[in-house]
Amino acid sequence: MQLETQRLLLRPFTEADAEDLYRYASDPEVVRALHTEHINRLTRARWEALFRGEGAR
């Protein structure tokens, strides 16, 4: 399912989104504002597995 307006498209994540999401979530300035840990390679691997439909590990 997706929701689309003139300025916004909301859709489920896909494996193709992993690299962009990783870059965004690895930026210390971004995560500082989110009050979360800096994303590491293990977390990235878990996200990629989730995008492939393998679930959280």
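1. Let's start with R23. At 51% relative accessibility, R23 counts as exposed, because the cut-off for that word is over 50%. Keep in mind throughout that you're looking at a predicted model.

2. What does R23 pair up with? One partner is E19: the two form a salt bridge, with the closest N and O atoms 3.8 Å apart. Both residues lie in helix α1, 4 residues apart, which is about one turn of the helix. E19 is partly exposed, with a relative accessible area of 33%.

3. R23 also forms a salt bridge with D20, and here the closest N and O atoms are 3.3 Å apart. D20 and R23 are 3 residues apart in helix α1, so about one helical turn separates them. D20 is partly exposed at 48% relative accessible area. Thanks to shared partners, the salt bridges join E19, D20 and R23 into one network.

4. How many salt bridges does a search of the whole structure find? It finds 3. Among them is the one between D17 and R11, where the closest N and O atoms are 2.8 Å apart. Check the exposure of this pair: D17 is buried, with a relative accessible area of 14%, while R11 is partly exposed at 40%.

5. Which residues does L21 touch once you set aside neighbours within four places in sequence? The contacts are F13, W47 and F51. L21 and W47 sit 26 residues apart along the chain, and their C-alpha atoms are separated by 9.3 Å.

6. L10 belongs to strand β2, residues 9-10, and is partly exposed, with a relative accessible area of 44%.

7. Finally, zoom out. The protein chain has 3 helices and 2 strands, running β-β-α-α-α from the N terminus on. Of its 57 residues, 19% are buried. The chain exposes about 5000 Å², and carbon and sulfur atoms supply 55% of that.

Methods. Residues are numbered from 1 along each chain as its sequence is written. This is a predicted model: local features need pLDDT of at least 70, side-chain atom pairs count only at pLDDT 80 or more; totals for chains, interfaces and linings use all residues. Side-chain values use heavy atoms; hydrogens and water are left out. Buried means under 20% relative accessible area, exposed over 50%, partly exposed in between (1.4 Å probe, protein chains only). Accessible areas come from the Shrake-Rupley method with a 1.4 Å probe; for residues, only the protein chains shown count as cover. Contact means heavy atoms within 4.5 Å. A salt bridge is a side-chain nitrogen of Lys or Arg within 4 Å of a carboxyl oxygen of Asp or Glu.
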